[in-house]
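Let's walk through charged side chains together, question by question.

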Number of protein chains: 2
Amino acid sequence: MSTLIDTLRQTVGAAHVLTEGDLTAWEQDWRRRARGKALAVVRPGSTQEVAAVVRACAAAGTAIVPQGGNTGLAVGSIPDETGTQVLLSLTRLNAIRAVDADNLTLTVEAGAILQNVQDAAEKAGLLFPLSLAAEGSCTIGGNLATNAGGTQVVRYGNTRDLCLGLEVVTPQGEIWDGLKGLRKDNTGYDLRDLFIGSEGTLGIITAATMKLYPQPAASLTAWAAVPSMEHAVQLLALAHKHLGAGLTGFEVMGRFALSLVAKHMPQLRVPFIDQADVPYGVLLENSDSESEAHARTRFESLLETAFEAGCVTDAVVAENLAQAHQLWHIRENIPLAQAEEGLNIKHDISVQIPRIPAFVEYADALLQREIPGVRLVNFGHLGDGNLHYNVQAPAEGDAKAFLRDEEARVNHLVYEAVAQFGGSFSAEHGVGALKVDKLEKYQSPVALSMMRAIKGALDPQGLMNPHCMLPVHSA
Amino acid sequence: MSTLIDTLRQTVGAAHVLTEGDLTAWEQDWRRRARGKALAVVRPGSTQEVAAVVRACAAAGTAIVPQGGNTGLAVGSIPDETGTQVLLSLTRLNAIRAVDADNLTLTVEAGAILQNVQDAAEKAGLLFPLSLAAEGSCTIGGNLATNAGGTQVVRYGNTRDLCLGLEVVTPQGEIWDGLKGLRKDNTGYDLRDLFIGSEGTLGIITAATMKLYPQPAASLTAWAAVPSMEHAVQLLALAHKHLGAGLTGFEVMGRFALSLVAKHMPQLRVPFIDQADVPYGVLLENSDSESEAHARTRFESLLETAFEAGCVTDAVVAENLAQAHQLWHIRENIPLAQAEEGLNIKHDISVQIPRIPAFVEYADALLQREIPGVRLVNFGHLGDGNLHYNVQAPAEGDAKAFLRDEEARVNHLVYEAVAQFGGSFSAEHGVGALKVDKLEKYQSPVALSMMRAIKGALDPQGLMNPHCMLPVHSA
């Protein structure tokens, strides 16, 4: 092994091959669910160096775990516990290579932090619409590797939909340059989308050309009190009809989730929290290419129609940007409020939007029956059919013991319910090492067999993130 | 072989296995560029029957060529000349299985004609935005297999972007049901996008769940006279900025292309054709979620800005639907007018939008220098950077001889110019059998090697459309 380490040191410089000291930042996952041990943390500074590192590892038969901001929620970017895997950190590849305002594209290296990508677009007077909680730390490479979602998917799609092309280092250490920046190109298989969402198991994304959009002339935010999840779904349909592509955000938040924010962050002033008969809040965002006045007229006309239809019982429209931020802040702080309340079990499920009310009714009743006192923190991207249907330990009792004793059963109950409603056990977080058994259980056997064939074809040595998604079992 | 034919007859019924009589409709391609010979034309009536046909062929080692409406422009859906391939026609699988207005989706079998899919959406008060010249004959399965483009890509994307999931029969005759209809699902590799655009070389798409959109409240069409391609590109940027997602069509048409329409279809009344100093016309479509009055105000404000900026020298906005159809009709009839004028060489290229003016200037000069008297029929989807940069034989002289003697050289000149400008030799038509050598020449070797590995992994017998895209050479 010392030969490999020596080669890596020659390749990227000794300062960028870490084998000693505190490697927690690279070896522990974001949610502290797991801790691995790396043979070395290697930090190449260019695509060519990434390729050389991969070739050296391939020659040595050493596995590679690619890592961006290490903010993933499925334990997909840390090494396993064997101490035999190279942790390849992409954070030094962080250049914004080009912003092309005329082509409405931006070419960026994998290690660039999402917020920096957003800022680069904004500086050019344009919008890069990917937005999610970890945007100050996560990297665009990680967003691509996991096909990240976020809060604007209802209008702009997942990360996949924002990408025009990739640069990838293959498991053989070759560089595929797919950065033409074309909006149409039908010349062979769609390798781009195969790599997007492959979680580092097929190769290493080193750069990408992403779509940009014109900045809207105005964005407005509203908070609506809705009498049931069924009404929230009706409100969504109305919003699609009234706002068309102007609907850029649609988040639902259950009363208990909001009560945790009110309890742990009283300064945030959650709308309608004092009205005990409001089971759900909905956060809507309307982006307008015309003007704020026009946005306001359209938004108010939507809410009026929704009032008349009984979908909305009360609503506030933010008067200015500060108020809008305040409302979004409440939504964004639900996970933190949950953490303040104590340990909990997170899910990231999706179901067809019209089936969400029935799913929630069924799953709520099931869990409450099976696990008395359980508390359901239900919120998420209703506009995409994606709920973070989380489960908080009962108020009284030992949360640690609850997690230890009940997590597997809670997951089983939730995922079986999701499967029964034709949904997905992972809408946006991915599989990682955390949900390998769920993929095996809930993905179609025909699909799994094709996925394994593809993995074997592109990574015949089985060295790319081999313990994640589709684990490679050593012979 | 008679055993295979017998098995196929038992599987789908003798009436649906054609081996005699006039098989031109299945054996000749749309543009009459080539004629193949099928071992048999097999017309299964269900997904199960497709799977059984594939299993029978796999057992016999017989190749399969899937076919929808057979309207492709790259000779990708007819058998080769050997008489050894089964032509599998999907046209009997034409059910619209479900229209789910609440989920904004529609599930449809591969053989459904695109126009019928559009109509089913419209009947539910919704929009299926894929629209292209062959929509009365092409099938949604063919649209998916080739990732078809069309005239609304600038807003809604290619066929790929409209698809949420597929049902596929694998080369082993297994059925993959990927029709969950979810907007988010990150559970393994993106098989959906791998099959989309794979031109029948990895398996057979039998059904799909497609996205629907709210019908716009109003759509307006305008025809603008622009003084140069550079100005057309500037107009596009202004249109993006002013109309946002309201911009649903942006087509450019060169003066010579329009003059052919004026000459061969004088009843169509091409705007500004009498003004000799108008080199390009641009067709714009603005769809509005609010009202016709609002659409008109926005549209007029855009055109006013464009006049002031000098991008537009004259313009007409259609006063009603009939006028709008008339304007679109001119655009749609360019290919027919070209055919009336005589034989020609078609291209389907893309270049980054800002580089289009320089590309056109360069390629025009090159062709005119190399092939004196050549006439350039330049039109296409400028909003996507996709031009049908076609070449008409010189006015005087033998067009047949021109095609025979010059086609290879014209293609070479055009594709080399495209490559020089970082573009693609096939933006939307695909590779088929026609452009196999172009794929080999212009696609990156690293990408080709990954594509071949995937082909080998999913279709190890090499039986799926084996003479197309990535030809399988028999050992």
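**Reading charges in this model**

A: To begin, R160(B) is buried, with a relative accessible area of 11%; buried means under 20% relative accessible area, exposed over 50%, and partly exposed in between (1.4 Å probe, protein chains only). This is a predicted model, where local features need pLDDT of at least 70, side-chain atom pairs count only at pLDDT 80 or more, and totals for chains, interfaces and linings use all residues. Residues are numbered from 1 along each chain as its sequence is written, chains are lettered from A and ligands numbered from 1 in the order in which they are written, and side-chain values use heavy atoms, with hydrogens and water left out.

Q: With which residue does R160(B) form a salt bridge?

A: Side chains of opposite charge can pair when their charged atoms come close. The criterion here is a side-chain nitrogen of Lys or Arg within 4 Å of a carboxyl oxygen of Asp or Glu. R160(B) pairs with D193(B), the closest N and O atoms being 3.1 Å apart. R160(B) sits in the loop between α6 (153-156) and β8 (163-169) of chain B, and D193(B) in helix α7 (residues 191-195) of chain B, so the pair ties together parts 33 residues apart in sequence. Helices (H or I, at least four residues) and strands (E, at least two) are DSSP runs, numbered from the N terminus.

Q: Is D193(B) buried or exposed?

A: D193(B) counts as buried, because its relative accessibility is 2%.

Q: How many salt bridges does the structure hold over all chains?

A: The count over all chains is 42. Some join into a network, as with R160(A), R192(A), D193(A) and D190(B).

Q: What separates E292(A) and R296(A) along helix α10 of chain A?

A: They are 4 residues apart in that helix, so about one helical turn separates them. Their side chains meet in a salt bridge (3.1 Å, N to O). E292(A) is partly exposed at 42% relative accessible area, whereas R296(A) is buried at 15%.

Q: Which parts does the salt bridge between E440(A) and R452(A) tie together?

A: The closest N and O atoms of E440(A) and R452(A) are 2.6 Å apart. E440(A) lies in helix α15 (residues 436-442) of chain A and R452(A) in helix α16 (residues 445-458) of chain A, so the bridge links parts 12 residues apart in sequence. E440(A) is partly exposed at 45% relative accessibility, and R452(A) is partly exposed with a relative accessible area of 39%.
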